[in-house]
Amino acid sequence: MGTIEGTFLDFKDLDRLATGDTAIHGLDPRAKVLVTVVFIVSVVSFGRYELTALLPFFIFPAVIMALGNLPVFYIVKKVAVVIPFALVVGMLNPIFDRQVYVHVGTLDIPGGWISFVSIVVRAVLTAGAALILVGVTGFPAICMALEKMGMPQAFAIQLLFLYRYIFVLTEEGSRVSRARELRSFGNRGKGMQSYGSLLGHLLLRTWQRAERIHMAMLARGFTGAFHARHLYRFGRREVVFLLGWSTLFIFMRLHNASQLLGSLATGILR
Amino acid sequence: MSHHIVEVAGLQHVYSDGTAALRGVSFRILHGESVALVGANGAGKSTLLLHLNGYLSPTSGFVRVGDFPLTRETVTEVRRTVGMIFQDPDDQLFMPTVYDDVAFGPLNLGFPPDEVEQRVMKALATVGIEHLQDKPPYRLSGGEKRRAAIASVISMSPAILVMDEPTTGLDPLARRQLITLMREFRHTKIIATHDLDMVFDVCERTIVMHDGAVMADGPTREIFNDDRLLSECRLERPLSMQGCAVCRKRRQEI
């Protein structure tokens, strides 16, 4: 059953992955964020009937997962959560788009099916890349990278606080909801009415906590500017990482690597 | 040193909803003193603490910290002098890692990076949690969180430590360790608490508050021997002063 606490534990796991100490973890977060952005843009910018050219892109998640020591099954499970959304988005394509696009032997495959599968593959690739980015970088480091690359500091701080207090809020939320469950018998007490006041209380508590946090910040000399440590350096390794992957993605975007590989193989065989 | 004095005189505070939380509180705390602030729930302890670092401003009366009367102009200096440790460490630890949290104050005070690093490591060593520096705060146990919160304040080297309920929610060992730690601090300490046994161990002076006013102010031992005063203020003797629990029970049975 998907409970608040269950989701919360999953979230903690992802966070724990980011504490690894592989070469990938040690790279400047900016390099990883940029590479992921190039990857996502390349994948998303393909035409709607493109399928074969997308497949070579799986090399990126595969390599990073291997180098970053991420548990494959865990990431696959997380990606599976977003698949239903992609299914809904592409569901109607096979119904409306019946024009035959590809012949495989005697089988005619309509364009709708191709675009449907293409949507799902893209969802897997982009969601996977984003998860892997968090898994090898950690959310706070991503925020700081974004800030250094020009995102307004207010947004970065918002995101950091969101991330810090989502753990506290989920804990509080699950306590409140457990207390309600224990005192509601059958369906009594589980209606919208009690849910509304439960959420209201949670909001008010959050408000009070925000006030106390602000107090604590003022007490330590906060004047509006956030001073972060500068832990990372954008060195030669980062340049190589960024240029290497970006070149590969752009190449795979412009040329269908599957076809090239195929014709290469058949060329040698001939 | 004469200039680390906390002086509160005729302090009154009325909240915007009309509740009078403080009705003329006065006391003086000298350098190096360790003072407990005790009283029932709603006696005004927390409101008083919020005045000591200028988060609330008095309806009338004044607060003086060191050489500075607390005003809008001096509030930064006062906040640097008065280190405030909040009741819930989750409110105080808001940065991604313990290190960042401890560095937050010194960075805001504008110290150069080397100095910040030194201060952070020293503060972490003082409370004995160097090994936790890269951990995110939500991964710490209650006792560790409390230590991290203390480190985040002492890295600014305040002269006065103000603590709100430092021992709540700690297991007995963590509580004992915290008490030992607090006894080591040479700072002037002001501790608001319900843990009267801790007061007995840490503070030589106690201020009893009741309904927004000071009911008694004197040596801890004397205050805790005054049963009438204690019961009027919804308090009781610390357990360690109540004699042996087994004998007492036996006496009642006879």
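**Close-ups of two loops and a helix pair**

**View 1. B:Ser157 sits in the loop of chain B that runs between α6 (142–154) and β7 (160–164).** Helices here are DSSP runs of H or I with at least four residues, strands are E runs of at least two, and both are numbered from the N terminus. The phi of B:Ser157 is near 35°, a positive value in a residue other than glycine. B:Ser157 has 16 other C-beta atoms within 10 Å, so it counts as partly exposed (buried means 20 or more, exposed 12 or fewer, partly exposed in between, with C-beta atoms placed from the backbone). This is a predicted model: local features need pLDDT of at least 70, side-chain atom pairs count only at pLDDT 80 or more, and totals for chains, interfaces and linings use all residues. Residues are numbered from 1 along each chain as its sequence is written, while chains are lettered from A and ligands numbered from 1 in the order in which they are written.

**View 2. A:Asn69 is in the chain A loop between α4 (59–67) and α5 (72–90).** A:Asn69 isn't a glycine, yet its phi is positive, at about 60°. With 14 other C-beta atoms within 10 Å, A:Asn69 is partly exposed.

**View 3. In chain A, helix α7 (residues 111–137) packs with helix α8 (residues 139–148) at an angle of about 100°, their axes 7 Å apart.** That makes α7(A) roughly perpendicular to α8(A) (65 to 115 degrees; under 35 is roughly parallel, over 145 roughly antiparallel, the rest oblique). Axes are lines fitted to C-alpha atoms, for helices over the stretch in contact, with angles from 0 to 180 degrees between N-to-C directions. A:Leu133, A:Val134 and A:Thr137 of α7(A) meet A:Phe139, A:Ala141 and A:Ile142 of α8(A) (contact means C-beta atoms, placed from the backbone, within 7 Å).

Definitions and conventions: Contact = placed C-beta atoms within 7 Å.
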